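Student: I have a new model open and would like to learn how to read its features one at a time. Could you walk me through it?

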Number of protein chains: 2
Amino acid sequence: MRVTKALSDSQRVRILMMLRGGELCVCRIVEVLALAPSTVSKHLSLLNEADLVEVRKDGRWAYYRLPQGDAMKAVRPVLKWLESALGEDGSVLRDADRLARVLSGAGEGSARRTKACPKEC
Amino acid sequence: MRVTKALSDSQRVRILMMLRGGELCVCRIVEVLALAPSTVSKHLSLLNEADLVEVRKDGRWAYYRLPQGDAMKAVRPVLKWLESALGEDGSVLRDADRLARVLSGAGEGSARRTKACPKEC
DNA sequence: TGCTAATGTCGTCACATAACGAAATGACAG
DNA sequence: CTGTCATTTCGTTATGTGACGACATTAGCA
């Protein structure tokens, strides 16, 4: 039930869909979802408990990603189904858009953020 | 989200698992789950809205079953995954047991209930 | 025509959970 | 060591949801 409960919230599904493109720093997810950091953190920890995401901690930053290796095998069918069920859903598409803008560093003073969160997250 | 929300409750998952063996009358589901009829009815209507079950009304009885035909195609992957994830879960196994006993008409005064709900549901 | 029985609907209550802000944690910079 | 920043944890509040019982509905039967 942990998995289905984790999937029963739309914000968590949005996170999973965003992670299809690769790992993301918490702060970027916060930016895209426009929720309080503490709220996003809670969602991520629920997804983690359900083994739907993995964490990689690097310095002060935490990077979340879809499961890799063996763990991926268990989760793959679910993700595939999610994707087909709502892969082209409105909010998912909008998130992808916003994420692209966030990753390219739009809206900030200078051209920073090459790929990962540092420098300037 | 309707589907994932429908799957996020354990009673509803129990119902889906029970239906793998074929259609069931509401009263039998009530008997196995040991919940109030109104509660079970609500669960069934949620599953129905999520297109995870179909209804067949016959006289005063309502028989629920997993989707057939085209609808089945959309739901199949989900059911397959559910089955592999918790097909041999404790409560699911216990339900199968109780269901078998209910269907065979154990615990009643006489030998009724040949296959469908009438006579004596 | 009424009666009975099986489902479904509605209102209510208790509890789960998503959201926030405040404070704790842990890591790096000085 | 101290300060700062990203993240997490904690406590609170508002809303969502599962459970029940009471009642409405509908189908068959006397």
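Tutor: Gladly; let us begin with burial. Buried means under 20% relative accessible area, exposed means over 50%, and partly exposed lies in between (1.4 Å probe, protein chains only). A salt bridge is a side-chain nitrogen of Lys or Arg within 4 Å of a carboxyl oxygen of Asp or Glu.

Student: What kind of model is this, and how are its parts labelled?

Tutor: This is a predicted model: local features need pLDDT of at least 70, side-chain atom pairs count only at pLDDT 80 or more, and totals for chains, interfaces and linings use all residues. Residues are numbered from 1 along each chain as its sequence is written, chains are lettered from A and ligands numbered from 1 in the order in which they are written, and side-chain values use heavy atoms, with hydrogens and water left out.

Student: What does the side chain of R12(B) join in a polar contact?

Tutor: A polar contact is a pair of N or O atoms within 3.5 Å; within protein, one must be able to donate a hydrogen and the other to accept it, and residues adjacent in sequence count only if both atoms are side-chain atoms. Here the partner is the side chain of H43(B), at 3.1 Å. Contact in general means heavy atoms within 4.5 Å. Beyond its neighbours within four places in sequence, R12(B) touches K5(B), A6(B), H43(B), L46(B) and L47(B).

Student: How many salt bridges are there over all chains?

Tutor: The count is 12. One of them joins R20(A) and E83(A), with the closest N and O atoms 3.5 Å apart. R20(A) lies in the loop between helix 2 (10-18) and strand 1 (24-25) of chain A and E83(A) in helix 5 (residues 70-86) of chain A, so the pair ties together parts 63 residues apart in sequence. R20(A) is partly exposed at 37% relative accessible area, and E83(A) is partly exposed at 33%.

Student: Where do D95(B) and R98(B) lie?

Tutor: Both are in helix 6 (residues 90-103) of chain B, 3 residues apart, about one turn of the helix. D95(B) is buried, with a relative accessible area of 1%, whereas R98(B) is partly exposed at 27%. In chain A, salt bridges that share partners join R14(A), D95(A) and R98(A) into one network.

Student: How are the two chains related?

Tutor: Two copies of a chain are related by a rotation about an axis and a shift along it. Copies are superposed by least squares on the C-alpha atoms of residues with pLDDT of at least 70 in both. A rotation of 180° with 0.0 Å of shift along its axis places chain A on chain B (RMSD 0.0 Å). The two copies are thus related as by a two-fold rotation axis.

Student: What pattern does chain A follow along the sequence?

Tutor: The pattern is α-α-β-α-α-β-β-α-α, with 6 helices and 3 strands.

Notes:
Helix = DSSP H or I, 4+ residues; strand = E, 2+ residues; numbered from the N terminus.
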